[in-house]
Amino acid sequence: MGADVLPILFFTSLWAAVGIGGSMITPRGPQRQLIQCILMLTAGCCWLFWLCCYLAQMNPLIGPRLSRRAIQIIAESWNMPIKEG
């Protein structure tokens, strides 16, 4: 099980459009370069945060804690008996 390519491409293109497109439509003025820099940094940080959250779901550090009875019920419903060792 791995990361699908479509969501990664979609959100990469979305944040690229915000960073590049937003800096292109910035109105002229004394603070234009500052606004462009802020928009590009915001887009880059939001994309990186989204990517980390998305990829962290591929290998979660904390899994569900089930009681032994719950594991037995799940194993019985899936027709996979637990081998006592």
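Which residues does Ser23 touch, not counting residues up to four places away in sequence? The list reads Val18, Arg32, Gln36, Leu39 and Met40, where contact means heavy atoms within 4.5 Å. Before going further, a word on the ground rules: this is a predicted model, in which local features need pLDDT of at least 70, side-chain atom pairs count only at pLDDT 80 or more, and totals for chains, interfaces and linings use all residues. Residues are numbered from 1 along each chain as its sequence is written, and side-chain values use heavy atoms, with hydrogens and water left out.

As for confidence, pLDDT is the predictor's own score for each residue, from 0 to 100. The chain averages 89, and 96% of its residues reach 70 or more. Among the elements, α2 comes out highest with a mean of 94, while α3 is lowest at 90.

The overall layout is quickly told. The chain has three helices and zero strands, running α-α-α from the N terminus. The radius of gyration is 23 Å, well over the 12 Å that the globule rule gives for 85 residues, so the chain is more spread out than a compact globule. That radius is taken over C-alpha atoms, and the globule rule is 2.2 Å times the number of residues to the power 0.38. Helices (H or I, at least four residues) and strands (E, at least two) are DSSP runs, numbered from the N terminus. Along its principal axes, the C-alpha trace spans about 75 × 20 × 20 Å.

Surface and burial come next. Buried residues make up 12% of the 85, with buried meaning under 20% relative accessible area, exposed over 50%, and partly exposed in between (1.4 Å probe, protein chains only). Of the contacts between residues at least 6 apart in sequence, 47% join residues at least 24 apart.

Back to Ser23, which sits in helix α1 (residues 5-24). With 10% relative accessibility, Ser23 counts as buried. A polar atom of its side chain lies 3.1 Å from the backbone oxygen of Gly19. The backbone oxygen of Ser23, for its part, is 2.9 Å from a polar side-chain atom of Gln36. Both can be read against the polar-contact cut-off, a pair of N or O atoms within 3.5 Å; within protein, one must be able to donate a hydrogen and the other to accept it, and residues adjacent in sequence count only if both atoms are side-chain atoms.

Gln36 belongs to helix α2 and, at 17% relative accessibility, is buried as well. Leaving aside neighbours within four places in sequence, Gln36 is in contact with Ser23 and Thr26. Leu41 also has its place in helix α2, which covers residues 32-56, but at 52% relative accessibility Leu41 counts as exposed. Leu41 and Gly19 are 22 residues apart in sequence, with 7.6 Å between their C-alpha atoms. For Gln31, in the loop between α1 and α2, the relative accessible area is 44%, making this residue partly exposed. Gln31 and Cys52 are 21 residues apart in sequence and 32 Å apart in space, C-alpha to C-alpha.

On the aromatic side, a search of the whole structure finds three pairs. In one of them, the rings of Phe10 and Phe11 have centres 5.1 Å apart and planes at 85°, so the pair is edge-to-face. Rings of Phe, Tyr and Trp (its six-membered ring) pair if their centres lie within 6.5 Å; planes under 30 degrees apart count as stacked, over 60 as edge-to-face and the rest as tilted. Ring pairs link Phe10, Phe11, Trp50 and Tyr54 into a cluster. Phe10 is partly exposed at 48% relative accessibility, and so is Phe11 at 26%.

That leaves the segment after α3 (68-77), which holds Asn79. Its phi is near 55°, a positive value in a residue other than glycine. Most residues other than glycine have a negative phi. Asn79 is exposed, with a relative accessible area of 67%. Met80 is found in the segment after α3 too, and is exposed at 52%.
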